[in-house]
Amino acid sequence: MENVPDTQKLIESISEVSALEFKNEGGFKAVYTATIGEKKEALKLVYLPPKSDTEDKRSQLIARLKRESNVLKLCSNPHLVKLGALLPREIQIGECNYIFYSEELLPGRDLKSVINDGKKADIAELLQLALTCLSVIRDLWGMGYVHRDIKPANIICTDDPERLFVLLDLGIAFKIHGTQLTDHGQTIGTRLYMPPELFSPDYKKLIDFRSDIYSLGVTLFEYATGIHPLVPRPQNDFSTVYQIITKQPDKLENLRDDLPLQFCRFVDRCMRKKPALRYAEVDEIINQLEEML
Amino acid sequence: MKLFAQHGYGKSDKIESGLEEGLIDGVIFEARYLHPDKAKDEIGCLQEIDETVELMIDPEYYASAVIDSPNAQLGYLEDWGYFSPLRIIEFVTNPTRVDKIVHSSLDIQEDVGATTLIAPSVYISQSLDSMESALALSFLRKAVSASEKRSKKVLSTLSLNRDALLNSKQLIEFVDALTGMSKRPSGVYLTVGVNSSSGNNGLPSPEIFDLKVLAAWMYLNYALSINGIRVINGFSDLLSPFLGVAGGDAGATGWWSNLQCFSIDRYIRSEDIRRRPLRRYLSMKLMARINARDMDAFVALRPEIANQLPHDRDYEEREPDRTSEMLQTWEALAKLLESVDCKDVTQGIRDLSNIIETAHKTWAGLREREFTQGQESVDEYLEQLEYSLDEFQEMAEL
């Protein structure tokens, strides 16, 4: 993120916050652990470009964040991160403007770091992850939304048996502007989980919840095998997109013959290039997967 | 895969015989040649032969595109109440018209006792990115909504010209949109039309066995069926096994060439002088029809050309009557359908490849005996069938 502010100045700008610790940054956000009242929450801070130029980008960012917090407020799915005490608000620090809000602080690690440690999930863990994400996909779609950024880095693994996996970060996902390769704020990490249709100039008329199903398939494959199904080694943007659009992934059953065939075929079908060939009935797959538990 | 009779002019006793012999599983009536006042009795008689038979009526609403043509051949269509001139712009300015046409067509089909209803639609004549296509989707949505209030199953019509299937990008997006609808049809009555329905000497029309067209038709069956949408293919004839392997629930064929391949020009009276069509025999090993009067010569050269099925006897030393000819076709097609795996698409494609290879060898055997008539078109036909399997597998990501 551009213009990450001095932490002390940030505390002074938000009266509700008594302690603040920088955690990480990515894209257009910086994330902190904040003490708000007596609770620790995750504070998300977004830099707003100056009003004088790129007014579109600025207003889109604000709209996106407000939309994200609105969906989090309305969607009661327990596997979606909950909004915290601080609703979206603008502040100025020096000559820079920011918008911030808070979410619940989830104890645990993101799934990406779990996978990078060499973890290959067993069938119970994979089913749990699949069912978690499918319930979120279903509930969001029921509200007319698509998450659009389901990926290991946006999934927190907790120790809470009721909430083993929690999805984060709807904000980046809502509107992918033109899906250009040099899209501002987008990283390769995000593209790796994007379905082929999102690289089309007509993506806005092509996107629906089946795009999330694709991203889920890629995430499950990676959790099961430790490698990305299409881009096992880092590549440049153009190669990455080319692989996503044209390459057929290896079948999961070839890499994990210990997993039930039905589950492997489920993952393979989630990753079909054409939305029509993926699943259209989320409840139906949830029922099928629950029978496998 | 089921096999249905594609009804048309000159039914005689063909359908009754087909049902009595268990060769067909259903009938798709052509509203043009079935007066609404007679439909109930007609349907009742067939149900007495087989109470499980599926009986449906193609409302042929797409024929209303030619209603103002001086050469229009609409038969009884205008007696069916819902039939009216089609001006696409009127549907844009008055969208409730679609609703009225759909409901009135389904009401009358229900009244006459059809067991499965077919909702009307327009013909997509050129492109899946056209006003016609948008209107067809509108008819489809209305059909889905109308079906919720009815106890009988409703199929939505999807009728398109083969040219509309040539643009892969549009086809994929169209299918994505259709399968992504929050309320999808439970079934589709699918027809793919050619620009000219003139016969091709016993082979399917070259406009239809074009590899891209056939692959696209198979892809439609595959994508719709894996999304739980039942596909009944009209006028599919010899291509039925391909569509069955791809997931189609039924194919259909009839006794004239215009019942074996769909074309919108069937509703326009032709000025050409037409001879009565030759009697033909459908050979499974050749994957084609041969002239009945040449049958003895063919079989003498290559005995395997005969199907070894009961209706071969109707061709022994004579030409069969039209009913026997139709029964022979249904018998051969039903046997072909049994020989391909329609539940496992990978195995089914292997079965189709074997059938095509056998046809190559059988035709090659005829060539060895210096029978070369029509050989170029046969080679082209079999090649297109073969390549269509590869093209389909790529489209279906198999």
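This is a predicted model: local features need pLDDT of at least 70, side-chain atom pairs count only at pLDDT 80 or more; totals for chains, interfaces and linings use all residues.
**Exercise 1: the overall form of chain B**

Work out why the radius of gyration of chain B agrees with that of a compact globule.

*Solution.* Start with the length: chain B has 398 residues, for which a compact globule would have a radius of gyration near 21 Å. Next, take the value for the model, which is 20 Å and therefore agrees. For the extent along the principal axes, the C-alpha trace spans about 65 × 45 × 40 Å. The secondary structure inside that outline consists of 12 helices and 12 strands.

**Exercise 2: inside and surface of chain B**

Find what share of chain B is buried, then describe its contacts and its surface.

*Solution.* Take buried as under 20% relative accessible area; 58% of the 398 residues then qualify. Now turn to contacts with a separation of 6 or more: residues 24 or more positions apart account for 71% of these.

**Exercise 3: where chains A and B meet**

Describe the interface by its residues and its buried area.

*Solution.* Begin with contacts, where 16 residues of chain A meet 18 residues of chain B. Then comes the area: about 1,300 Å² is buried between the two chains, and carbon and sulfur atoms give 43% of that. On the chain A side, Lys274(A), Ala276(A) and Leu277(A) lose the most area to chain B, together 38% of what that side buries.

Definitions and conventions. Residues are numbered from 1 along each chain as its sequence is written. Chains are lettered from A and ligands numbered from 1 in the order in which they are written. Side-chain values use heavy atoms; hydrogens and water are left out. Helices (H or I, at least four residues) and strands (E, at least two) are DSSP runs, numbered from the N terminus. The radius of gyration is taken over C-alpha atoms; the globule rule is 2.2 Å times the number of residues to the power 0.38. Buried means under 20% relative accessible area, exposed over 50%, partly exposed in between (1.4 Å probe, protein chains only). Contact means heavy atoms within 4.5 Å. Accessible areas come from the Shrake-Rupley method with a 1.4 Å probe; for residues, only the protein chains shown count as cover. Buried area is the accessible area (1.4 Å probe) that two parts lose on being put together, summed over both.
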